[in-house]
Amino acid sequence: MAFAAFATAEAQPQAPKRKSRIALLLLLPGILYLVLFFLTPLISLTLTSLQVPSEFGDIGQYDYAFNWQNYVDVVQLYWPHILRSFGYALAATVLALLFSYPLAYFIGVKARRWPLLQSLMLVLVIAPFFISFLLRTLAWKQLLSDESFIITSLKALSLLAPDAHFTGTPFAVIFGLTYNFIPFMTLPLYTTLERLDLRYLEAGSDLYANPFTVFRKITIPLSMPGIVAGTLLTFIPAAGDYVNASRDFLGGPDTQMMGNVIEANFLVLLNYPAAAALSIILMAAILVLVGIYVRRSGTEDLL
Amino acid sequence: MGLGDWLLPAYTIIAFVFLLIPIVYTFVFSFNDSIKSNIAWRGFTLDKWLNVCNVEGGAVCQAFGNSIVIGLVATVIATTLGTMIAIALVRYRFRARSSISLLLFLPMATPEVVLGAGLAAQFLAVGVPKDMLTIILAHTMFCISFVVVTVKARVASLDPALEEAGRDLYGSPSQVFWRVTFPLLLPGILAAALLSFALSFDDFIITNFNSGSVSTFPKYIYISASRGIPAEANVIASAVFIIALVIVITAQVSRAARVRRLAKL
């Protein structure tokens, strides 16, 4: 949704030039704020990622340097975490898309005749946002634990192997990521599907296309902006998340993602250069992936 | 057609049940008669709702209070700065426009862990100790872009003729702004403020990097997760959930009623 909103930026009425002084006054405080607390920190992070430990300092003391070796070190040490982050995030994004599309289609297209029902269903989609992200994840941890009634009854019904367990496995982490980011996928999909002109679909059937062909050739392409926005809004936070994969939540020792490693290095081990180098790698990888994805999916005008 | 007629509604119901499961779980376990950790069901009690702050010397309530204060301050600053930017972006033409759009878009496209680590690295480099102030600075930063996006939509839908009419009637620029523009923008500004407060209140990742020893509600839950969180945390979360739900449903219903009234005209 956020991305789609930026797309409409240009079609605005013209304004006289002489008022640019007012524009400057309106922009300056906010832009200055973002420069101070968003841009400068990214520069700080880059500088930190190149630091070396102080020669005679304590743990957590570093000097400014130009040590590229930090990047080599973290990639060598943490490449499984890096791969896992993108793998889990990709799996969660695909699952969230598969889950959300029919839901968004029902709310946006089928429920058009009942505006009140449509509004209430939208509230239900965002309802998970009203309860703490961490509590929701902990709730799933309890519900997926070996002793929970869901798991014990599935085992009693022989739908699950007797020794199967979920918490601490990649399955549980991907499940948690999918669940937590579903609203980010459903909302942008809903926004585009709600504006879908049904006459195009009718025209498709009139031209003897079967429902599947209509869906594949008309509905999907027309809802592409929603798919792109939803994918980005799900994939980006999922790749950087460290709550779902934490040991105290749905993860285990073998499911740690980049976020977990960044947190551990920054807040526990006080290895700031390693945490910073990993953060920069994460951000660069996401920018590259997002760039390729946006170009491929043909929606370059997202900005 | 026949299959789709019942398959999609059935799927929608199942999907909603799935989405609501953890919420129901949290609500039900707020009535759990547990002593400290809240894992197994030990019977029904209203006690946790009536004595929310009586656990761990009120640590849950302290954290909750911090979250409210941080959310309110960050929301006021972010909404003010964001609204100003939104008005400027829609109403005025200037050269740096696309770079400003990029600057506003990037915080939303940056993973939270990078935003958190970046700010923490910055505070470390400058030597600012982490406390309430650093949390507020961090939250304001990530809320601004979302405010701009939300308010911009409202500014774009505003008819410039209304402001012109105000000027034609000899309204001074400030009169026109406060009597015409601002009231028309208010629904958008309120929506942005609610969004901003919700984002701040539920943020954990950025807070964790920039909070030092200050606790917020999500941070309290994260730290307590290993030993089991007390039922009182479920009470607070459930109460917040109900309040938020009432606010949003009221807004949606009144909007739907307004749309219906307009349709009748």
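Which residues of chain A does UniProt give for the feature "domain: ABC transmembrane type-1"? The UniProt record, an unreviewed entry, places this feature at residues 82-293 of chain A. UniProt positions follow the numbering used here, feature names are shortened, and annotations may be inferred rather than shown by experiment. The structure is a predicted model, in which local features need pLDDT of at least 70, side-chain atom pairs count only at pLDDT 80 or more, and totals for chains, interfaces and linings use all residues. Residues are numbered from 1 along each chain as its sequence is written, chains are lettered from A and ligands numbered from 1 in the order in which they are written, and side-chain values use heavy atoms, with hydrogens and water left out.

Chain A contains 12 helices and two strands. Helices (H or I, at least four residues) and strands (E, at least two) are DSSP runs, numbered from the N terminus. Along the sequence, the pattern is α-α-β-β-α-α-α-α-α-α-α-α-α-α. The C-alpha atoms of chain A fill a box of roughly 80 × 75 × 35 Å along the principal axes. Of the 303 residues in chain A, 52% are buried. Buried means under 20% relative accessible area, exposed over 50%, and partly exposed in between (1.4 Å probe, protein chains only). Contact means heavy atoms within 4.5 Å. Among contacts in chain A between residues at least 6 apart in sequence, 67% join residues at least 24 apart. Residues 82-293 of chain A are 73% helix and 0% strand, with end C-alpha atoms 19 Å apart.

For "domain: ABC transmembrane type-1", UniProt (unreviewed entry) lists residues 64-253 of chain B. This span is 83% helix and 0% strand, and its end C-alpha atoms lie 29 Å apart. The UniProt record also marks "transmembrane region" in chain B, including residues 7-28 and 102-126. Residues 7-28 of chain B are 100% helix, with end C-alpha atoms 30 Å apart. Residues 102-126 of chain B are 92% helix, with end C-alpha atoms 26 Å apart.

The largest nonpolar core has 163 residues. Such a core is a set of buried Ala, Val, Leu, Ile, Met, Phe, Trp, Tyr and Cys residues joined through side-chain atoms within 4.5 Å. L282(A), M141(B) and I144(B) have the most contacts inside this core. Helix α3 (residues 69-108) of chain A gives the most to the core, with 16 residues. Leaving aside neighbours within four places in sequence, L282(A) is in contact with residues of both chains, among them F86(A), M258(A), P111(B) and V114(B).

The axes of α3(A) and helix α10 (residues 224-240) of chain A come within 9 Å and cross at roughly 140 degrees. α3(A) is therefore oblique to α10(A). Axes are lines fitted to C-alpha atoms, for helices over the stretch in contact, and angles run from 0 to 180 degrees between N-to-C directions. Angles under 35 degrees count as roughly parallel, over 145 as roughly antiparallel, 65 to 115 as roughly perpendicular and the rest as oblique. Residues of α3(A), including F86(A), L90(A) and Y101(A), meet residues of α10(A), including I227(A), F235(A) and A239(A).

Two buried residues complete the picture. T186(A) lies in helix α7 (residues 170-194) of chain A. T186(A) counts as buried because its relative accessibility is 1%. L115(B), in helix α5 (residues 112-126) of chain B, is buried at 6% relative accessible area. Not counting residues up to four places away in sequence, L115(B) touches F38(A), P107(B), T110(B), M141(B), F142(B) and I206(B).
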